[in-house]
Amino acid sequence: MALAEFLKQLDALVAAATAAFDGAADEASLEAARIEYLGAKKGRLKAVQKFMGAVGAADRPAAGKRLNEVKTQIETAFTAAQGRLGAVENPRRTGEVTAFDPTLPGRSLRLGRLHPITQTIEELKGIMGRLGFSVAEGPEIEDEWHNFEALNIPLEHPARDPLDNFYLAVAGAAAGTLLLRSQTSTVQIRVMEQGPPPVRIITLGRVYRPDTADATHYPMFHQMEGLLVDRQVTMADLKSVLRLFAASFLGSDVHIRFRPSFFPFTEPSVEADFQWHDQWIEFGGAGMVDPNVLQMVGYDPEQVTGFAFGLGIERLCMRRHNITDIRALYRNDVRFLRQF
Ligand code: FA5
């Protein structure tokens, strides 16, 4: 076959196939046209291809090149027709959705939740709020005055040991040595410095100590501090408040006990424990505010007395949710956290 004849057939094929694809009114007729022109066995493209062998050897490269072009043109026309019909039958495919379709299933949102410690903090604020305590705030980076000095912890006291605190090396800090607060008792001082008695506050936040992590200790944890200063405040008031608090948070069947203890800023001092799994777990320290502390913030210990306490929030949260290892709270494992 002469080259010219072969090319003529190819041109006719492109024209016919394009017309058939463009004219297809639905997916069924498009499929019929596809089989007619592009069918693997009896398709018309295949049929024309067979004449390649009849073209003279010298003309074959030119014939092959044109054949490939024609193949691409026909396939492109088919794809275009497919897109046109698909778009009519399912407008979502084109991305040009103009109407809201209420019959489609909704896309569900992944809801986050509050960390169990945050939930505990909110609950503690609620309980203490009902007992008349308002919430105060203080910084996590503290100076030695608020973390030690004003709390009756002098320079030679072992609590100030660099091995027991996270001191900060702040270049050019003129204000003196800074550290990450090791207890929320710092906020007692800040609140009393701000105004005269009476004072009735709680403060909840992070504290830091270079403790080795184990099942009940973590180097960063949270405390709830309470402070009440007024005329004629006694140890009985402290005990009543801590009992009421424990009954509200842990349940009225919880047993708590006070053990004599020592803190430089309270006199007398106690440790408060609750019973859990046949064990006594310490949940905080407490006591009557030392007269020296009252004096240091300008209060008159002859006129007012007060009590203070500092409770470990993780331990309260763990007791509440039966969490036996404090480290689980900070592994950020969503499978664990989503249970609360
Ligand atoms: C204090 O921090 C005192 N400021 C408490 C206080 C306040 C006493 C006001 C008197 C008046 P203590 O170091 O015992 O006390 O810590 C209090 C509570 O924090 C502990 O009972 C415990 O529940 C919790 N706690 C202490 N260290 C850790 C730790 N590494 N990880 C988790 N919780 C801890």
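Predicted model: local features only at pLDDT ≥ 70, side-chain atom pairs only at ≥ 80, totals over all residues.
Residues are numbered from 1 along each chain as its sequence is written, and side-chain values use heavy atoms, with hydrogens and water left out.

Two packed helices are described by the angle between their axes and the distance between the axes. For helix α1 (residues 3-23) and α2, the angle is about 165° and the axes are 9 Å apart. Axes here are lines fitted to C-alpha atoms, for helices over the stretch in contact, with angles running from 0 to 180 degrees between N-to-C directions. Helices (H or I, at least four residues) and strands (E, at least two) are DSSP runs numbered from the N terminus. The pair α1 and α2 is therefore roughly antiparallel; angles under 35 degrees count as roughly parallel, over 145 as roughly antiparallel, 65 to 115 as roughly perpendicular and the rest as oblique. On the α1 side, Leu13, Ala16, Ala17, Ala20 and Phe21 make the contact, and on the α2 side Leu30, Ala33, Arg34, Tyr37 and Leu38, contact meaning heavy atoms within 4.5 Å. By class, these residues comprise 9 nonpolar, no polar and 1 charged. The nonpolar class holds Ala, Val, Leu, Ile, Met, Phe, Trp, Tyr, Cys and Pro, the charged class Asp, Glu, Lys and Arg, and the polar class the others, Gly among them.

Tyr37 sits in helix α2 (residues 27-38) and is buried, with a relative accessible area of 5%; buried means under 20% relative accessible area, exposed over 50%, and partly exposed in between (1.4 Å probe, protein chains only). Not counting residues up to four places away in sequence, Tyr37 touches Leu13, Ala16, Ala17, Ala20, Phe21, Gly43, Arg44 and Leu45. From Tyr37 to Leu238 the separation is 201 residues in sequence and 93 Å in space, C-alpha to C-alpha. In the loop between α2 and α3 (44-50) lies Gly39, which counts as buried at 9% relative accessibility. With neighbours within four places in sequence left aside, Gly39 contacts Arg34 and Lys46.

Thr120, Glu123, Leu124, Ile127 and Met128 of α5 meet Val241, Phe245, Ser248 and Phe249 of α8, a contact with 6 nonpolar, 2 polar and 1 charged residues. With α10, the axis of α5 comes within 10 Å and crosses at roughly 100°, so α5 and α10 are roughly perpendicular. Here Pro116, Ile117, Thr120, Ile121, Glu123 and Leu124 of α5 face Ile313, Glu314, Leu316, Cys317 and Arg320 of α10 in contact, with a division into 7 nonpolar, 1 polar and 3 charged residues.

The largest nonpolar core has 42 residues, of which Met224, Phe245, Phe274, Phe307, Phe309 and Leu316 touch the most other members. Helix α8 gives the most to this core, with 7 residues. Apart from this core lies another, of 23 residues, including Ala17, Tyr37, Val55 and Ile74. Such a core is a set of buried Ala, Val, Leu, Ile, Met, Phe, Trp, Tyr and Cys residues joined through side-chain atoms within 4.5 Å.

Most residues other than glycine have a negative phi, and most peptide bonds are trans. Pro197 and Pro198 are joined by a cis peptide bond with omega about 5°, and Pro198 is in the loop between α7 (186-194) and β5 (199-208). A cis bond also runs from Glu267 to Pro268, with omega near -5°; Pro268 belongs to strand β8 (residues 266-276). Gln232, a residue other than glycine, has a positive phi near 55° and is exposed at 74% relative accessibility. Asn332 likewise has a positive phi, about 55°, and is exposed with a relative accessible area of 61%.
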